[in-house]
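The following paragraphs lead the reader through one protein structure, step by step. Please keep the sequence and the model in view while reading.

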Amino acid sequence: MSGEKVLGIETSCDETSVAVVAGGEEILANIISSQIKTHKRYGGVVPEIASRKHVENIAVVVEQALTEAALSWEDINAVAVTQGPGLVGALLVGVSTAKAIAYSLKKPLLGIHHLMGHIYAVFLENKGIKLPLLCLVVSGGHTSLLVLEGYGRMRLLGQTRDDAAGEAFDKVARALGLSYPGGPEIERIAREGNAGAIQFPRAWLEGGSLDFSFSGLKSAVLNYINRAGQKGEEVIQEDVAASFQQAVIDVLVGKAFAALKDTGLNQLAVVGGVAANGSLTSALRKRAVVEGAEIFNPSPILCTDNGAMIACAGYHALKGGQDAGLDLNAVPNLPL
Ligand code: KG4
Ligand code: ZN
């Protein structure tokens, strides 16, 4: 075990997660207390319930992380926390906890952008990644292509103009009567379906744009389901899921490789909750073989929200000389 040990706290949505990461790459503990079961019955995350659950869980999860890492408080060199974007009440629980710990330990406090966390998750398990690095960030709230040039330095190439990819997965899943979160459910039933059964639209947008749009696709799927219902026709859920998923994958893969070509880079990191989708990562790898590119993605547990990614980003923020100070506040719509 070497390098500074950073405690990472993530409470932006429905996971209360605390981790300890040494030297920006060695995960000593990564405790994730998911609230999914609580929110499932409402079909999505209820912000008020999320913050209350974070309040109930955070102290226990912090204790568990220290115990699992076999460390005492004095061993922690810095505290990193998701500052935003996210649900304000949920973020505030993490931010207040991190401030209290940093204050009592007299250690640096680092405010981390949630997307920087998702991006840095890729450095936890992969060696040999060079900067600048092309990143495809696909989560429930974001879909972006950007070039990471250094910690906190990035060039945005394109982003979604409407729904995020994960949001589209969740909404289509809901229309199919599948439970929340929809991404893993769609992936599961799509394995039994025919991806070529229904021709759903792919939004390539004008003149080589690297922006995304998933709302047209989502509407096309909802219309398909409604129309079949009105006509009394059977909806083969597996085929709808597989055809929808394929439409998302085609666009993500097409635009990611267009971005590699435009930038002249040959390494691509795919991160965020949707990067847990095995059909997406295998489609990217298949194309990478043809194009001579390299694909990096975190393992599924590090794709969805977790404290380790925040601790890893925090380590790099610390190396960059950041120290937020105790006036750090949660910013629900924090820009990149
Ligand atoms: O990164 P994340 O945990 O939270 C945000 O920052 O938004 O991403 C959650 C999103 C949800 O929309 C979820 O349905 C999606 O990631 N997701 C998946 C898969 N696992 C999670 N989407 C497709 N396939 C999956 N296997
Ligand atoms: Zn996230």
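Apart from residues up to four places away in sequence, Leu71 touches Lys5, Val20, Leu28, Leu66 and Ile76. Here and below, two residues are in contact if their C-beta atoms, placed from the backbone, lie within 7 Å. The structure is a predicted model, in which local features need pLDDT of at least 70 and side-chain atom pairs count only at pLDDT 80 or more, while totals for chains, interfaces and linings use all residues. Residues are numbered from 1 along each chain as its sequence is written, and chains are lettered from A and ligands numbered from 1 in the order in which they are written.

Leu71 is placed in the loop between α2 (47-69) and β4 (78-84). Such labels denote DSSP runs, numbered from the N terminus: helices are H or I runs of at least four residues, and strands are E runs of at least two. A residue is called buried if 20 or more other C-beta atoms lie within 10 Å of its own, exposed if 12 or fewer, and partly exposed in between, with C-beta atoms placed from the backbone. Between the C-alpha atoms of Leu71 and Pro335, which are 264 residues apart along the chain, there is a separation of 34 Å.

The next topic is the division into domains. The chain is assigned domain 1 (5-120 + 303-319) and domain 2 (130-297); such bounds come from an automatic or database domain assignment. The centres of domain 1 and domain 2, taken over C-alpha atoms, are 27 Å apart. To the contact, domain 1 brings 14 residues and domain 2 brings 18 residues. On the side of domain 1 that touches domain 2, at least two residues each come from α1 (36-40), α4 (114-120) and α11 (307-319). Of these, α4 gives the most, with four residues. This side of domain 1 is made up of seven nonpolar residues, six polar and one charged. In this division, Ala, Val, Leu, Ile, Met, Phe, Trp, Tyr, Cys and Pro count as nonpolar, Asp, Glu, Lys and Arg as charged, and the others, Gly among them, as polar.

Under "binding site", an unreviewed UniProt entry lists His114, His118 and Asp305. Although spread over 192 residues of sequence, these residues cluster in space, with a largest C-alpha distance of 8.8 Å. UniProt positions are given in the numbering used here, feature names are shortened, and annotations may be inferred rather than shown by experiment. His114 lies in helix α4 and is buried, because 26 other C-beta atoms are within 10 Å. Beyond four places in sequence, His114 touches Ser12, Thr82, Gly84, Pro85 and Gly86. His118 is likewise in helix α4, and its 28 other C-beta atoms within 10 Å make it buried. Beyond four places in sequence, His118 touches Val137, Ser139, Val271, Gly272 and Met309.

β6 and β7 run antiparallel and are joined by six bridges; Leu134, for instance, has Val147 in β7 as its bridge partner. Strands β7 (residues 143-150) and β8 (residues 153-159) are also antiparallel, with six bridges. They form a hairpin with two residues between them, and Gly152 in the turn has a positive phi of about 75°.

The unreviewed UniProt entry also lists, for "binding site", several other residues, including Val138 and Gly183. Val138 belongs to strand β6 (residues 133-138) and is buried, because it has 30 C-beta neighbours inside 10 Å. Gly183 belongs to helix α6 (residues 182-190) and is buried, because it has 29 C-beta neighbours inside 10 Å. Neighbours within four places in sequence aside, the contacts of Gly183 are Gly166, Phe169, Asp170, Gly273, Val274 and Asn277.

Methods
Two strands pair if DSSP finds at least two bridges between them.
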